[in-house]
Amino acid sequence: MILMSLVSRTNASIEKRFRGLFRANILLPIAGFAGVIVVWWLIALFRQEMMPTPPEALLKNLDSILHPFAYRGPGDIGLGWLLLASLRRVCIGFLLGAVVAIPVGIWIGLSRYAWLALNPLIQVFKPVSPLVWLPIALAIFNAAEPSAIFVIFITSLWSTIINTAEGVRNVPKEYLEVAQVLEMPRWKQLTKVILPATLPYIFTGLRISMGIAWLVIVAVEMLTGGVGIGFFVWDEWNRLNVSAVFLAIFVIGLTGLILDYALATLQAIVTRRPTRS
């Protein structure tokens, strides 16, 4: 009888916990999205001449959703190909930025003279809108593709540099003292002590940089044209196809979420610590 009572209580506790997790992780996000759709629907009812309702937008975009990698000619490319083109530009610019920003951030964190020399430049250039760099890039490269990558590269620098330098400065002094007692060479201190302790800060900077880079590529492609999700948005707006713009908003947001989740997963694997995504 006592055993049955304990089993019943355990089952009730598990069921209660499951309901709580289901509500927090599934029902509440669904409620949030439902609220946005309701607001969209209400606005569409008052602006019927321009704004489609959610069902209308779904029906108009059904072919694009079902055939994302269709290719029917230069002017009719599937949304999947456009997304891949934008992702390629972002990944190239982001990786180039990371290759430069991480060593520079470590250098600034370790050297007071480097900090004094470079910090004013970072503070001056950091608030500059990434799109301001686009005319400079076009003047240098005279082509849209390398110019877009250059803007992403510049965009990816500042958050990663600042967070990396902050991580280096926050390495516990006890770690460095132990390394000195063990007479570790400088390169070994860097690879065995400083870099592992700085990794969470580095990944935080990388995740911020990736978010900004994905935000910027859409605006850059609107201005430079060519093949990409940003040009798709601008082209569909010129055609007054607002339904396709709503589809692009959803695809851009979902892709940004996946990119951040991928970096968070990589961070958890490298640092062996759970992360918040």
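Select I229 to start: this residue is buried, with a relative accessible area of 0%. Buried means under 20% relative accessible area, exposed means over 50%, and partly exposed lies in between, with a 1.4 Å probe and protein chains only. The model is predicted, so local features need pLDDT of at least 70 and side-chain atom pairs count only at pLDDT 80 or more, while totals for chains, interfaces and linings use all residues. Residues are numbered from 1 along each chain as its sequence is written, and side-chain values use heavy atoms, with hydrogens and water left out.

**Stop 1: around I229**

Stay on I229. It sits in helix α10. Helices here are DSSP runs (H or I, at least four residues), as strands are (E, at least two), numbered from the N terminus. Now show the neighbours. Setting aside residues up to four places away in sequence, I229 touches L79, L82, S86, W214, V218, E221, A248 and I252. Contact means heavy atoms within 4.5 Å. Pick I252 from that list. I229 and I252 are 23 residues apart along the chain, and their C-alpha atoms are separated by 7.9 Å.

**Stop 2: the core**

The largest nonpolar core has 45 residues, and W214 and I229 have the most contacts inside it. Such a core is a set of buried Ala, Val, Leu, Ile, Met, Phe, Trp, Tyr and Cys residues joined through side-chain atoms within 4.5 Å. Colour the elements that give two or more residues to this core: α4 (79-110), α6 (133-141), α7, α9 (186-224), α10 (229-238) and α11 (242-271). Which element gives the most to this core? It is α9, with eleven residues.

**Stop 3: T164 in α7**

Go to T164, in helix α7 (residues 144-169). Is T164 buried or exposed? T164 is buried, with a relative accessible area of 0%. Leaving out neighbours within four places in sequence, T164 is in contact with I102, G105, I106, T198 and I202.

**Stop 4: salt bridges**

Side chains of opposite charge can pair when their charged atoms come close. The rule here is a side-chain nitrogen of Lys or Arg within 4 Å of a carboxyl oxygen of Asp or Glu. How many salt bridges does this rule give? The count comes to seven.

- Select E166 and R169. They form a salt bridge, the closest N and O atoms being 2.7 Å apart. Both lie in helix α7, three residues apart, about one turn of the helix. E166 is partly exposed, at 33% relative accessible area. R169 is partly exposed too, at 39%.
- Select D235 and R239. Their salt bridge has its closest N and O atoms 3.1 Å apart. D235 counts as partly exposed, at 21% relative accessibility.
- E236 counts as buried, at 8% relative accessibility.
- Select R88, R89, E145 and E221. A network of salt bridges links them.

**Stop 5: aromatic rings**

The whole structure holds six aromatic pairs. Rings of Phe, Tyr and Trp (its six-membered ring) pair if their centres lie within 6.5 Å; planes under 30 degrees apart count as stacked, over 60 as edge-to-face and the rest as tilted.

Select F141 and F150. Their pair is tilted, with 5.8 Å centre to centre and 55 degrees between the planes. F141 counts as partly exposed, at 37% relative accessibility. F150 is buried, with a relative accessible area of 19%.

F150 and F153 form a tilted pair, with 6.4 Å centre to centre and 35 degrees between the planes. These two residues are three apart in helix α7, which means they are separated by about one helical turn.

Now select F125, W133 and W158. They form one aromatic cluster.

**Stop 6: the surface of α1**

Finish at the surface. Select I37, V38, W41, L42, L45 and F46. They form a nonpolar patch with about 620 Å² of accessible area together. Patches are made of residues with over 30% relative accessible area and no salt bridge; like charges are joined within 9 Å, and nonpolar side chains (Val, Leu, Ile, Met, Phe, Trp, Tyr) within 5 Å. Accessible areas come from the Shrake-Rupley method with a 1.4 Å probe, and for residues only the protein chains shown count as cover.

Zoom in on L42, in helix α1 (residues 2-46). L42 is partly exposed, with a relative accessible area of 46%.

Last, pick I43. This residue also lies in helix α1. I43 is partly exposed, with a relative accessible area of 42%. I43 and T53 are ten residues apart in sequence and 8.6 Å apart in space, C-alpha to C-alpha.
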